[in-house]
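Please find below a colleague's note on the structure shown here.

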Amino acid sequence: PNVHMMLYRMFCMPKTTEKLRKEADSNDLLVGNIFNNHLSITGYKSLLHSVLLTGKKKHFKKILAHMMKHLQAEQINDDVVQKTIEIAVCHEFPILLGKTMHQFMSKGA
């Protein structure tokens, strides 16, 4: 099995039921996520690589939200930024790309 896809499926699979997630804050993309702490930069690269292959916007947004919550500005390197741009361009998410780059810059990355 592909390790990247296993991590991706574990990350994107919620630990709560859909009913509980709907009752929670609908703007919080990380409700029900089993990863409460930050991942290594390699883990985030792996997730971004997998979302490039699958192209699910909601999973891409969840990964970005997790990165913004758990990473410091100095941890967001050029590889992560380039992979984020590549995904957004490949899957045609221009507005999400603009918002993400704005968040990266405001965070000091």
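1. A salt bridge is a side-chain nitrogen of Lys or Arg within 4 Å of a carboxyl oxygen of Asp or Glu. This is a predicted model, in which local features need pLDDT of at least 70 and side-chain atom pairs count only at pLDDT 80 or more, while totals for chains, interfaces and linings use all residues. Residues are numbered from 1 along each chain as its sequence is written, and side-chain values use heavy atoms, leaving out hydrogens and water.

2. Two salt bridges are found in a search of the whole structure. One joins the side chains of K45 and D79, at 3.1 Å from N to O. K45 lies in helix α3 (residues 41-54) and D79 in helix α5 (residues 78-90), so the pair ties together parts that are 34 residues apart in sequence. Helices here are DSSP runs (H or I, at least four residues), numbered from the N terminus.

3. K45 is partly exposed at 29% relative accessible area, and D79 is also partly exposed, at 44%. The term covers values between buried (under 20%) and exposed (over 50%), with a 1.4 Å probe and protein chains only.

4. The side chains of K83 and E86 form a salt bridge at 4.0 Å, N to O. Both residues belong to helix α5 and are three residues apart, about one turn of the helix. E86 is partly exposed, with 37% relative accessibility.

5. The axes of helix α1 (residues 3-12) and helix α4 (residues 57-70) come within 11 Å and cross at roughly 85 degrees. Axes are lines fitted to C-alpha atoms over the stretch in contact, with angles from 0 to 180 degrees between N-to-C directions.

How values were computed. Helix = DSSP H or I, 4+ residues; strand = E, 2+ residues; numbered from the N terminus.
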